[in-house]
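Please load the model in your viewer and keep the selection tool at hand. The tour below moves from one selection to the next and says what is to be found at each stop.

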Amino acid sequence: MKKILNGLAAIGFLLAGTAGVAVAAEEANHAAEPTHFPIHKPKEMDWTFAGPFGTFDKGQLQRGLKVYKEVCSACHSMNLVAFRTLEDLGYSEAQVKAFAAEYEVQDGPNADGEMFTRKALPGDYFPSPFANSAAAAAANNGAAPPDFSLIAKARGVERGFPTFVFDIFTMYASNGPDYIHALLTGYDEQPPAGMEIAEGTHYNPYFVGGKSLAMAKPLSDGQVTYEDGSPETVEQYSRDVSAFLMWAAEPHLEARKQTGFAVMIFLVLFAGLVYATKRKVWANVAH
């Protein structure tokens, strides 16, 4: 009997070891060829504009605009953002006019029926660096860079259950900036052993569309000079441009929150008046 039990125990250990090896092999294979993206979920950041009373940090928005202009605008347009709206960032009318004049836009036709280029005016929109989407794709390994006007609202990662339930009460709406920040800071991570990265693409575990993307790492320390003494690091650049893109996608966010708060106060007071009126009207009526 003892020999039988020892034999069964040996078989059990052997099967457990085989199963452990199989599980380890499956996990390694899953890490090398993931099927769900992004591979890593973006970290929830602490944004000044988050929450029901959040507001934009104009200093951060100005730094983010500088990062966009000096780095991102070489590939990405903002066709829905007018230069005149930069006054919301704290710039004067003259500064906005001077900023717009640094760009050229196509206009026309003129008296001869021909299109021409001119310096941009505050009423114009951020122009595209490419003539058309085909030219943009040809210059970027076949992948046309997306327009950045609404990117902070169009991109984001679903947080899943039960997190999204808590988000209803915390009014979390920063998954777009969280994603952009994670993507910009995720290029330094190395792919797992055995993972094949397509030629001409770059591994990034935070990319929502796959394990790698055509865009190379766009930011590096010291790339953009800040006049206000803020750290000139990839981390700071990523925070600033993510906040700026959130403003570009929702420039009236502060006004919307203020209006919403006023409406909630009104509804509370109105409900109180309705209840008091009901008590007054029906006070002397027998039930």
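## A guided tour by selection

Begin by selecting Ser212 and Thr201, whose side chains are joined by a polar contact of 2.9 Å; a polar contact here is a pair of N or O atoms within 3.5 Å, where within protein one must be able to donate a hydrogen and the other to accept it, and where residues adjacent in sequence count only if both atoms are side-chain atoms. Before going further, note that this is a predicted model, in which local features need pLDDT of at least 70 and side-chain atom pairs count only at pLDDT 80 or more, while totals for chains, interfaces and linings use all residues. Residues are numbered from 1 along each chain as its sequence is written, and side-chain values use heavy atoms, with hydrogens and water left out.

Ser212 belongs to strand S6 (residues 212–213); helices (H or I, at least four residues) and strands (E, at least two) are DSSP runs, numbered from the N terminus. With a relative accessible area of 15%, Ser212 is buried, where buried means under 20% relative accessible area, exposed over 50%, and partly exposed in between, with a 1.4 Å probe and protein chains only. If you show the surroundings of Ser212 and leave aside neighbours within four places in sequence, its contacts (heavy atoms within 4.5 Å) include Ile197, Ala198, His202 and Phe207.

**Salt bridges**

Next select Arg63 and Asp240, which form a salt bridge with the closest N and O atoms 2.9 Å apart; the term covers a side-chain nitrogen of Lys or Arg within 4 Å of a carboxyl oxygen of Asp or Glu. This pair links distant parts of the chain, since Arg63 is in helix H2 (residues 58–70) and Asp240 in helix H8 (residues 234–249), 177 residues apart. Both ends are buried, Arg63 at 13% relative accessibility and Asp240 at 0%.

Asp107 lies in strand S2 (residues 104–107) and Arg118 in strand S3 (residues 116–119), so the pair ties together parts that are eleven residues apart in sequence. Asp107 is partly exposed at 26%, and Arg118 is partly exposed at 22%.

Then move to Arg159, which is linked with Glu44 and Asp167 in a network of salt bridges, and whose charged end sits over the ring of Tyr172, 3.8 Å from its centre.

**Aromatic rings and the core**

Centre the view on Trp247 and, leaving aside neighbours within four places in sequence, look for its contacts, among them Phe56, Leu61, Val81 and Leu86.

**Backbone stops**

Finally, turn to the backbone. Most residues other than glycine have a negative phi, and most peptide bonds are trans. The bond from Phe37 to Pro38 is cis, with omega near 0 degrees, and Pro38 lies in the loop between helix H1 (2–32) and H2. The bond from Phe161 to Pro162 is likewise cis, with omega near 5 degrees, and Pro162 is in the loop between H5 and helix H6 (163–170).

Last, select Asn141, which has a positive phi of about 55 degrees although it is not a glycine, and which is exposed at 60% relative accessibility.

Technical notes: A charge sits over a ring if NZ of Lys or CZ of Arg is within 6 Å of the ring centre and within 35 degrees of the ring normal.
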